[in-house]
Amino acid sequence: MVKKYRLGNPIETDSVVVSIQEEKSTIPYFDIVQGKNELRFDMDENDHVFGLGETVRGINKRGYIFTSKCADDPNHTEDKRSLYAAQNFFVIWGNGKGFGMYVDTPGCVSFDIGYTDTNVFFIEFEDFDANIYVIDGASILDIVKEFRGIIGKSYIPPRWAFGFGQSRWSYMNEDQVREVVDNYDKNDIPIDSVYLDIDYMERYKDFTVSDERFPDFKAFVEEMKKRNIHLVPIIDAGVKIEEGYDVYEEGVKNDYFCKKENGENLVAAVWPGKVHFPDFLNEDARKWFGDKYKVLLDYGIDGFWNDMNEPAIFYTEDHLKEVFEKIKEYEGKNLDIRSFFDMQGMVGGLANNDEDYRRFYHEYKGKRYRHDKVHNLFGYNMTRAAGEAFERLSPDKRILMFSRSSYIGMHRYGGVWCGDNKSWWSHLLLNIQQMTALNMCGFIYSGADVGGFGADVTEDLLLRWAEFGIFTPLFRNHSAEGTRRQEFYRFTDTESFRNISKLRYALIPYLYSEFMNAVDNDEMLFRPLCFDHPEDDMAYEVEDQLYVGSSIMIAPVYKQNANGRYVYLPEDMKLCRFRSYNDYDVEVLGKGHHYVKAALNEVLVFIKKGHELPLATPASRTEDIDYNNLNYERF
Ligand code: GLC
C-alpha cells in the first residue's frame, strides 16, 4: 500500500510513473520538527534501516548520515556522505514490522540515521519541498516490490552486456583494442566488449571519433563485430566549446545549454577544457542531445556509458577568475597558517564547488530553476536523453547504457556503475554491500569496476574481486590512467582468471533469467539474508553474503591472505566450491555457522533446498552459449 503526501511545493521529478491521490492527512511515522526543515522518527533499538542506493558503508544504514547530492568524488572513504547518486528510498524494519519511504525531491536532503542522536532518524531538507511516499507492507520484500511498482520497470540491456567487458582509461587506438581482444582470445578467457574511454574522441568532443587513433572507425567497429566484440564508448556531459564543432554550434544556436543569471551560457571546464552543459532538463535539449547518439549508432555502436554527469566541474570560468585575483593578493606575502590554508582551500576547492552549482539555471517543465535546486536530476536526465532517443532510433534493438550519476527514475533508461572506486579490499566489500540498496531502488543492471579503478591492484585482489564480479550483471574490469594494468591475462595465474571467467559464462543463463525475473516482477536480484529470513535475528548481522536470484546465496572472500571465511546459513544449503564451471566439490551444510575453506581460486556458491542451479558450457562470447544444453546442480 503506497500513500502519497506533500511537503511544501515539490518539484516534479518524473520518477514515479503511476498517479497516486495525495493524502490530506499528515505524514505518518515521521513528525515535522517545529521551526526546522526536518522530519523526525524515533527508532526502536531493533529497527534496521535499508536502502538509499549507492552510498558508502554497510547494508544496514543505521549510525551515519547520508546526503543526497550527486557528487564527483573518487574517494569513497567511509567519512563521505555523498557519492554519485541520489536514491532516496529506504525501509525501516524491526520487531517484525516496518515501512518504506521515498523522499522525492531533486534538491539536497540528508538522512541522519542515528548520527546526531543514536535512536533518532532525522530527514533534513535544504528546501522543505518534497513528495513523500509512505509504503506499508507485510515484509521488507513486499515494501520494495510495492515501491518498485510505482517507479516503473527497470532497464534491460542487450544479452551480450552480461558478458565480460574490459576497460581502461584509455585504450588509445585500434591496435591497443585489438591487442586486448587478441590476448583474451589467445588465453581462452571469454570477453564480449571493450570500452572506449575519453581518448577515442577528437579532443574530448562528444560524438566525435579521433581520425588519427581510429582512422576508419566504421570498418573497425565492423571488424570487432565480426569477432562478436562490442565497443562501448564513453559520453561525457560537457560539450567542448570549439567553433565549427556541430554539437557546440547547434547548442548555442538553439539555446540548449545551461545559462547563468545574465543569460550567458555557463562556461565550465572538464576534460576538453572549456565546455557548456546541455540543459538535459529541457525537453527540447534532451531530445536534441539524445539524437546525437545516432552518430555512433550509425557506426554500428550498440552500447554507451554516460559519465561526468553529476555534473563534474573542474572549474568555472567565473570562479577561476576570482581565485586568480585573490592569489595575486597573496603573491610575495609571507603566508601564515590562515592565509596559507585559505589559499590552499581556494585552489583545492575549484572543482565541484557549491557556489558554481548556484551559478546556472535550467528550463524545466516551463519554469526556470537554479541548478542546485534540481541538481540531482542532471545525470538522470542525461541518461534519459539517451534512453528516449534509443526508443526512437533503435526500437527493435536494445542498447547498452549505464551512467555514473543517477536518481530514481533513471533506472528505466539505464543501469549504473559505482564510479571511481579503488583497488582496495575494503572496496570489494563495499561493492558487495552496494548491490542490495541499488536493487531496492530499481537499479538492477549495475556493478562496480572489478579490480578497482584507482590505485594499483594486486593479483589476489583482482581474482577475489572477479570471483564476486561474476555475479553482478555489469561485469567490467576498469582502471585509471597511471595505475597498474589489470587485464586478466597480465597476471601469473592466468588459469584461475580463465576458470573464474568461464564460470561467469556458465552462469549467464541463470543470471539472465533471474535478472529478467527481477525486472518483470519488481524483485531484487541481490538480497541481504534478512530480507529472505526476517524472523532470523542472526541474518540481520550478516553484511557480506547475498542471495542472488531465487536459488543461490554467495559468500565472497574479500580479505587478503584468507583461505576461507565464516559463513552463516539461515537455512540448510548445498555448498558448491567452484574452481571452474565443471570442477567443483559439493557438501551439504546445515543451518548455522560454519568456517568454509575457499582457496584463492575457489568460489563459494550455496544452493537453496528444492532449488537448482543451471550451468551452461561456457563459450568465448555470450552469443555462443547454448541455452538448450544446460547441466543442473540440484539440492
Ligand atoms: C571518470 C570516470 C572513469 C573514467 C574517467 C576518464 O573518472 O568515472 O570511469 O575512466 O573519468 O574518462
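Predicted model: local features only at pLDDT ≥ 70, side-chain atom pairs only at ≥ 80, totals over all residues.
Residues are numbered from 1 along each chain as its sequence is written, and side-chain values use heavy atoms, with hydrogens and water left out.

Staying with the ligand, a polar side-chain atom of Asp-420 lies 2.5 Å from a ligand oxygen atom, and for His-478 the distance from a side-chain N or O atom to an oxygen atom of the ligand is 2.9 Å. On its own the ligand has 310 Å² of accessible area, of which the protein covers 98%, by the Shrake-Rupley method with a 1.4 Å probe. Among the 13 residues around the ligand, those that come nearest are Asp-197, Asp-307, Arg-404, Asp-420 and His-478, where near means that a heavy atom lies within 4 Å. How does this shell divide by residue class? There are 8 nonpolar, 1 polar and 4 charged residues, with Ala, Val, Leu, Ile, Met, Phe, Trp, Tyr, Cys and Pro taken as nonpolar, Asp, Glu, Lys and Arg as charged, and the others, Gly among them, as polar.

Turning to the helices, which are DSSP runs of H or I with at least four residues, as strands are E runs of at least two, numbered from the N terminus, H2 (residues 174–186) and H3 (residues 217–226) have axes that come within 12 Å and cross at roughly 5°. These axes are lines fitted to C-alpha atoms over the stretch in contact, with angles from 0 to 180 degrees between N-to-C directions. H2 is therefore roughly parallel to H3, a label for angles under 35 degrees.

In the second pair, H10 (residues 425–440) and H11 (residues 459–469) pack at about 10° with axes 10 Å apart, and so H10 is roughly parallel to H11. The residues of this contact (heavy atoms within 4.5 Å) divide into 7 nonpolar, 2 polar and 2 charged.

Finally, the backbone: most residues other than glycine have a negative phi, and most peptide bonds are trans. The bond from Trp-169 to Ser-170, however, is cis, with omega near -10°, and Ser-170 is in the loop between strand E12 (164–166) and H2. The bond from Glu-310 to Pro-311 is also cis, with omega near 0°. Arg-57, which is not a glycine, has a positive phi of about 70°.

Definitions and conventions: Polar contact = N/O pair within 3.5 Å; in protein donor to acceptor, adjacent residues only side chain to side chain. Parallel < 35°, antiparallel > 145°, perpendicular 65-115°, else oblique.
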